[in-house]
Amino acid sequence: MAYLVKQSHRAPAQTVPVPVDESLPRACVIGAGSSGITAAKHLYLAGIPFDCFEMGHDIGGTWVLDNSNGQSACYDSLEINTSCPRMAYSDFPMPADYPPYARHDQVAAYFDQYVDHFGFRHTITFDTTVEDVSRTADGRWDVRVTGPGGTETRTYDAVLVANGHHWDPRWPEPAYPGTFDGDQLHAHDYRSADQVEGRDVVVVGAGNSAMDIAVDASATARTTTWSVRRSEWVLRKFFLGRPSDQVALPGWMPWRVTAARLRLGATVAGSLTKYGLPDPSHKPGQSHPVQSEKIRDRLEAGAVTAKPGIERLDGDRVVFVDGSSVPADLIVWATGYRVSFPFLDPDLVSAPGNELPLWKRTVHPDLPGLYFLGLLQAIGAVMPLAEAQSAWIADTLTGRYVPPSDAVVRRQMSAEHARDRRQFYDSPRHTMEVDFDHYLWDLARERKAGRARAAASRTSSVEPTAPVPAATGGGGVRRTVARLALRAVGWRTAGEVPERGVLVGAPHTSNWDWVLTLLLGWSYGITIRLLVKKELFVGPLGWLLRRTGAVELDRKNPSATIKELIAEAEGGAPWLLGLAAEGTRSRGDYWKSGFYRIARQTGLPITLAFLDVPSRTVGWGPTFHPTGDVGADMDVVREFYADKTGFHPEGFTPPRLREEERDTLPPKG
């Protein structure tokens with residue numbers, strides 16, 4: 001289901017101090033904003049030794065008006081654009097008497113309540129600045145801090161970067177031609193309508209802050225002009241009387257469904273072109289959503305005048321690309337922020353153009369022990385995502401989670417980054433964009449898989465031939481039967497643990513290998529939907545196939561089967577669709593079209609698998625999301641089965657391959 005925090009989800013208050021386990025890795029959290037405090041909470045409750053450093057003496061980061069750390073971009077009319085149940089941390093709902101969209105002071109108070117409810121305020125060191133973070137010779141991290149007691153350096157096993165990305169103003173680059181005689185202000189330094197009172201104001205930008213400031217200025221300024229170079233679809237905060245973001249969808253649904261929801265919202269809200277703004281050059285869902293309940297009213301009343309992008313500055317006037325101009329003595333640049341880390345050497349970590357690819361927007365694969373929290377732009381609130389990241393990191397530091405191989409991490413990171421770049425138009429504000437619900441769903445799956453890997457590693461150290469524990473719940477009887485059967489026939493399981501997706505690879509050696517494949521899935525608590533030619537669905541064999549969840553494939557008309565499976569993929573239970581490895585070397589279109597098209601249209605990953613008779617091993621290979629580059633994706637499949645990449649059990653005999661006609665593969669989408 002979509003993320004929605006209810007009052008019943010409130011966790012009990014933590015009234016007893018949590019003992020610190022000094023045997024665990026020591027961590028450092030940078031910042032006590034919305035991301036830093038949830039990181040501190042999860043480390044504290046897990047017993048992990050850590051320090052949390054905050055520049056000022058306030059909790060809440062950018063949500064604190066005139067924060068003592070000097071970094072906040074908060075202004076007095078600011079309110080959240082995500083409704084309270086969708087912004088709250090999962091185990092601490094916002095107060096029931098809050099409005100649907102809370103004010104900044106209510107959000108700041110909520111963060112204070114969160115810290116005190118879970119009893120970890122004493123873990124935060126205030127009025128202390130992190131000056132430098134650098135790697136040690138042994139791969140740990142030296143952190144130099146300056147506080148009331150002076151400057152010192154401490155060494156940590158892990159550093160959690162939660163310094164935010166709405167504090168380093170980005171001004172127009174290059175600057176607009178011409179000269180301007182008036183004042184210029186970045187939205188980061190805007191606090192109230194008093195700053196624009198009686199002035200001719202031009203507000204530049206198309207985001208939420210630009211609209212808020214334009215609305216504010218329209219009440220006190222002499223004139224207010226809103227300049228938009230690239231228009232956005234402006235959604236309303238309410239739909240049929242309820243917060244519009246609560247009309248949400250489960251995270252496992254493909255992006256195109258979320259994009260369709262955003263298109264519906266944009267259609268209902270209506271275009272702003274009638275007020276003089278240009279048509280957006282992109283579809284709804286291809287940019288970060290912006291919302292306003294007031295901007296249309298102010299445009300309609302003539303209190304705000306809409307103009308296109310700026311051509312040049314001309315003394316006491318601003319000239320626009322349509323040839324028009326307006327008088328101006330103040331320009332407010334709502335032009336976004338740079339992603340920067342003043343405590344990290346740019347040669348170590350930097351984000352030119354706000355570009356910093358990370359695995360799950362958290363992990364830098366070249367810098368173990370360095371984690372980034374809240375460094376994403378969500379179609380929704382950042383807080384629940386930072387909370388999920390924090391829980392994941394706590395699992396890692398306590399040993400409850402084990403990541404997949406480095407090759408899998410890098411492959412997933414590359415595929416996810418390419419996917420996100422395709423989904424949103426190219427701009428600095430979209431380099432970190434993620435789909436809120438899908439991100440939470442995907443990260444939860446990875447945490448489950450990593451916990452299973454951790455359990456498997458603990459089990460294998462005691463009993464190397466024991467089956468790997470289940471990655472998901474359900475099917476207890478099946479799991480028990482599967483493990484006993486595999487052990488009885490002397491087969492073992494191996495490889496990474498998938499949970500949901502399109503399985504390619506097994507069966508491929510005999511008429512009975514599908515039995516081993518089913519047992520493999522059952523031993524992990526996963527249902528494998530084997531794709532079997534319909535000719536076999538006769539008599540007792542057909543009954544047995546149906547009982548085990550096999551799917552009939554009419555090889556003359558595979559599209560009907562594919563549509564049926566796509567519809568089934570909208571369910572929430574873990575399952576895998578199984579296709580034969582022979583499909584990777586068959587010249588028939590149906591196998592290749594089958595697994596690739598299903599993966600692309602459902603948003604499910606592709607999982608490779610093998611069944612090897614000489615080593616008596618059945619198991620999982622790598623899992624990857626199709627990138628849309630069919631040739632490259634098929635190379636991943638081909639190379640794995642050519643025994644060039646992937647898991648290599650002893651004595652594994654790869655199936656024979658032959659080159660395929662790539663022009664027979666299905667087109668993207």
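In this predicted model, Asp116 and Arg121 reach each other through their side chains and form a salt bridge, with N and O 2.8 Å apart. The structure holds 27 salt bridges, and a few others are worth a look.

Take Asp168 and Arg338, whose closest N and O atoms sit 2.9 Å apart in a salt bridge. Asp168 belongs to the loop between strands S7 and S8, while Arg338 belongs to the loop between S20 and S21, so this pair ties together parts that are 170 residues apart in sequence. Asp168 has a relative accessible area of 13% and is therefore buried, whereas Arg338, at 33%, is partly exposed. Glu446 and Arg453 also form a salt bridge, at 2.4 Å between the closest N and O atoms. Here Glu446 is buried at 8% relative accessibility, and Arg453 is buried at 11%. Salt bridges can link up as well: Asp183, Arg199, Asp200, Arg222 and Asp329 make a network.

Then there is strand S20, residues 330-333, which is covered on both faces. Side chains in a regular strand alternate between the two faces of the sheet. In S20, Leu330 and Val332 are buried on one side, and Ile331 and Trp333 are buried on the other. Strand S9 (residues 183-186) runs parallel to S20 and pairs with it over 4 bridges, with His186 opposite Trp333. Strand S10 (residues 200-204) is also parallel to S20 and joined to it by 4 bridges; there, Val203 has Val332 as its bridge partner.

Note on methods. Residues numbered from 1 in each chain as written. Predicted model: local features only at pLDDT ≥ 70, side-chain atom pairs only at ≥ 80, totals over all residues. Heavy atoms only, no water. Buried < 20%, exposed > 50% of the residue type's maximum accessible area, 1.4 Å probe, protein only. Helix = DSSP H or I, 4+ residues; strand = E, 2+ residues; numbered from the N terminus. Pairing = 2+ DSSP bridges. Salt bridge = Lys/Arg side-chain N within 4 Å of Asp/Glu carboxyl O.
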